[in-house]
Amino acid sequence: MPNFRLPVENMQLLSQPKGFTYTTTSDVAETVVTITQFMEEGAKTSFVVELYDAYVEFNGTATSSSMLVPAGSGYSEEGVYITSISIINATAGENARIRGIVWGR
């Protein structure tokens, strides 16, 4: 579960956006984006799983216990601390695709 930020931290400008698009290539967890390669931390994210259902995990490795995001649905969150996003196919053999953006500092 992501660490939530203090209100004063959330008032700071999020000057570093990083967009991403990722399609899985196997039925094991894969890292979509390592945010700390581009910024200190991500504090806001918005994404959609475009193709096939997927499990998504922030700051860890995705498993079948992670957040399930059905194909065609999205997710948005702000006021969190994100250093990486991981994804795993919900159904074996179906390569899920995720597209989104992370804003941070």
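With which residue does Arg 97 form a salt bridge, and how far apart are the closest N and O atoms?

Analyst: The model shown here is predicted. In it, Arg 97 forms a salt bridge with Glu 50, and the closest N and O atoms of the two residues are 2.7 Å apart. As background, side chains of opposite charge can pair when their charged atoms come close.

Glu 50 has a further partner. It also forms a salt bridge with Arg 99, again with the closest N and O atoms 2.7 Å apart. This second pair likewise links distant parts of the chain: Glu 50 is in strand E4, Arg 99 is in strand E9, and they are 49 residues apart. Through shared partners, the salt bridges join Glu 50, Arg 97 and Arg 99 into one network.

The accessibility of these residues can now be considered. Buried residues have under 20% relative accessible area and exposed ones over 50%, with partly exposed in between. Arg 97 has a relative accessibility of 27%, so this residue counts as partly exposed. Glu 50 is partly exposed because its relative accessible area is 30%. Arg 99, at 38%, therefore also counts as partly exposed.

The whole structure contains 3 salt bridges. One of them lies between the side chains of Arg 105 and Glu 41, at 3.6 Å from N to O. Arg 105 is in the segment after strand E9 (97-104) and Glu 41 is in the loop between E3 and strand E4 (42-51), so this pair ties together parts that are 64 residues apart in sequence. Both Arg 105 and Glu 41 are buried.

In general, strands of a sheet pair through backbone hydrogen bonds, either parallel or antiparallel. Here, E3 pairs with strand E8 (residues 84-89) in the antiparallel sense over 4 bridges. At Thr 34, the bridge partner in E8 is Ser 84.

Notes: Residues numbered from 1 in each chain as written. Predicted model: local features only at pLDDT ≥ 70, side-chain atom pairs only at ≥ 80, totals over all residues. Heavy atoms only, no water. Pairing = 2+ DSSP bridges. Helix = DSSP H or I, 4+ residues; strand = E, 2+ residues; numbered from the N terminus. Salt bridge = Lys/Arg side-chain N within 4 Å of Asp/Glu carboxyl O. Buried < 20%, exposed > 50% of the residue type's maximum accessible area, 1.4 Å probe, protein only.
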